[in-house]
Amino acid sequence: MQFCHLVQEDGGMVFVISSKDIIVGLGSAYLTVSIEPLPPVVVGDAVTLKCNFKTDGKMREIVWYRVTDGGTIKQKIFTFDAMFSTNFSHMENYRKREDLVYQSTVRLPEVRISDNGPYECHVGIYDRATREKVVLASGNIFLNVMAPPTSISVIAADTPAPFSRYQAQNFTLVCVVSGGKPAPLVYFKRDGEPIEATPLPEPPAAAGSWAPRNLLHRDLDDTKVPKSLAAADGDAGGGRPPNTAEPPRGLAAERGPATEAIPETVVSREFPRWVHVAEPIYYFRHTHAPVSDGTVEARATLTWTLNPQIDNEALFSCEVKHPALSMPMQSEVTLVAPKGPKITMTPTRARVGDTVRILVQGFQNEVFPEPLFTWTRVGSRLLDGSAEHAGKELVLERVPAELNGSMYRCTAQNPLGSTDTHTRLIVFENPNIPRGTEDSNGSVTGHRSFRLVLALTLTVILELT
C-alpha cells in the first residue's frame, strides 16, 4: 500500500493514491482500490480495463483518465456518476469506442497504437463526517499496445551499379521493415541457412574503404581461373577468350556479319577477371527509427565482398520475428546477373526519316539487383553525336539512309555480371522521300525545299498585287 499525498481541507480529506492495492481508512469507513495488470496487447484486440474497489461508504463517482505528456496531462475518458446512476464518455463522437461495462470497468473494442500509455482509475466516496467532501483513491495501469510489422522488403544498396571486371567490390543488401511496435528482430539467411555476421555498429565511411580479401589477379596467374568459369564462357556463346583484354567502352571492334533475321541480335556474356578464393565475411548492422504513427521502421544491412562465381543465383532472405506475429515474416531475393535481354525495335521495318526506338523489354530470367543499361554504336558515335546513352531505350530520330547496316550495342550489367546485346539497324527506302533528298539527319532537302521556297514566293507576290 502506497500513499502519494494526502490533503485535509475543512474537515474533509482528498487522497490521491497510486498502487495496485490501495486501502483508504476514514473513521470506520474504508475504500479499497486495485487494478489488474495487463499483458501486452495487439492492435485490433479488445481490451478491458478493470478497476476493482471495495467500500462501506457511499459511492460518489468513478472516473477513468488517460495520462499523457509524461503525467502532466490527465484526460478524462469515462465517468460513472453514482448520484444520478449515469455514465458517459468524455471523448469526441468520432472516437467513441469505449463502453462502460460495469461502473468501474472500461472496454476498448479495438485498440490502436494511439491508445498506448498509462491510465488511472479514480474512485470517490462521500466523507462520513461531512457528507460534502469526497475521499478519492486511485490506481494506475500501463496499456502496452503492440503492432505487427506491415511490410518487409529487401533491396540492394547503391544500385543500379556497374559490373567490376578487374577488382572485387563490396555489396550490401538492405532489409526494410515497417509498421511494427516494438522494433522487430531482423536477421538474414543464405540458401535457407542463418548467416553468421560480424556486428557493425557504425556504417563504413565508403565502400572502397573495405579492402577485398584473398584476391588473385587474373593477369598474374591465368591458371587460377576455375574450370567452371571457362565452361560458363563457352556455354554463353560469343564469350571473349580468357586472355583478351577488355577494350574501353565504345571502342570495341565490330563483330563479323551475322546471319540472323533482321533486326538481328548477338548476345555475349562476361565474367569477372579475378578469383575470390576465401569464404566471405559478412557484416551486419541493425537500426530503427520512430515513425509519427507510433511505430518504428527497422533497417538491417548485410555487407560482404561480392564473388560473382559463387554469389550468382544465391538465395538471400530477410526474416523478422516479432511478439505480435505468430510466425516469422520474410522477404527473399535471388542474386542473378542479367542474361538473354529481350530487344525490340519499332518500327520493325524502318524507313528513311522514321523515328526508331530500340528497347530492352526484359530478360530470360529474373535479374537482381536492377541492371544498368548503356547504349553505344559500334565503330562510331550515336546519331546525336554522343558516345553513349544511358537507359533501357535508345531513340534514333529521323534516321538517314547512312545508318543502314549500323550496329548498336546494349550493355546490361549489375554487380554480378555483364551482357552485351548487338542489334543491327536496317533502313529501307521511303517512297515519300526521293533518293538523295535527305541530309545526314534524315531531313528532307532538294525538291521539297524548292517547293517550299516557291510557295513562299507565290504568297508574297499575291500579297503585293
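Is Cys51 buried or exposed, and at what relative accessibility? At 0% relative accessibility, Cys51 counts as buried, where buried means under 20% relative accessible area, exposed over 50%, and partly exposed in between (1.4 Å probe, protein chains only).

The views below show a predicted model, in which local features need pLDDT of at least 70 and side-chain atom pairs count only at pLDDT 80 or more, whereas totals for chains, interfaces and linings use all residues. Residues are numbered from 1 along each chain as its sequence is written, and side-chain values use heavy atoms, with hydrogens and water left out.

**View A. The disulfide of Cys51 and Cys121.** A search of the whole structure finds two disulfides, a disulfide being a pair of cysteine sulfur atoms within 2.5 Å. One of them joins Cys51 to Cys121, with an S to S distance of 2.1 Å, and this link is left-handed, with -85° about the S-S bond. The pair links distant parts of the chain, since Cys51 lies in strand E6 (residues 47-55) and Cys121 in strand E12 (residues 117-126), 70 residues apart. Strands (E, at least two residues) and helices (H or I, at least four) are DSSP runs, numbered from the N terminus. Cys121 counts as buried, at 0% relative accessibility.

**View B. The disulfide of Cys175 and Cys318.** Here the S to S distance is 1.9 Å, and the link of Cys175 and Cys318 is left-handed, with -80° about the S-S bond. Distant parts of the chain are again linked, with Cys175 in strand E16 and Cys318 in strand E25 (residues 315-321), 143 residues apart. Cys175 is buried, with a relative accessible area of 0%, and Cys318 also counts as buried, at 0% relative accessibility. When the bonded cysteines of the protein are numbered in sequence order, the pairing is 1-2, 3-4.

**View C. The open sheet that contains strand E16.** Five strands form an open sheet in the order E15-E16-E24-E23-E19, with mixed pairing, two strands being paired if DSSP finds at least two bridges between them. The edge strands, each pairing on one side only, are E15 (151-156) and E19 (197-199). Within this sheet, nine bridges join E16 (residues 170-180) to E24 (residues 296-305), and these two strands run antiparallel. Phe171 stands opposite Trp304 in E24.

**View D. The hairpin of strands E7 and E8.** Strand E7 (residues 59-68) and strand E8 (residues 73-81) run antiparallel and are joined by eight bridges. Val63 has Thr79 in E8 as its bridge partner. Four residues lie between the strands of this hairpin, in which Asp69 takes a positive phi near 50°.
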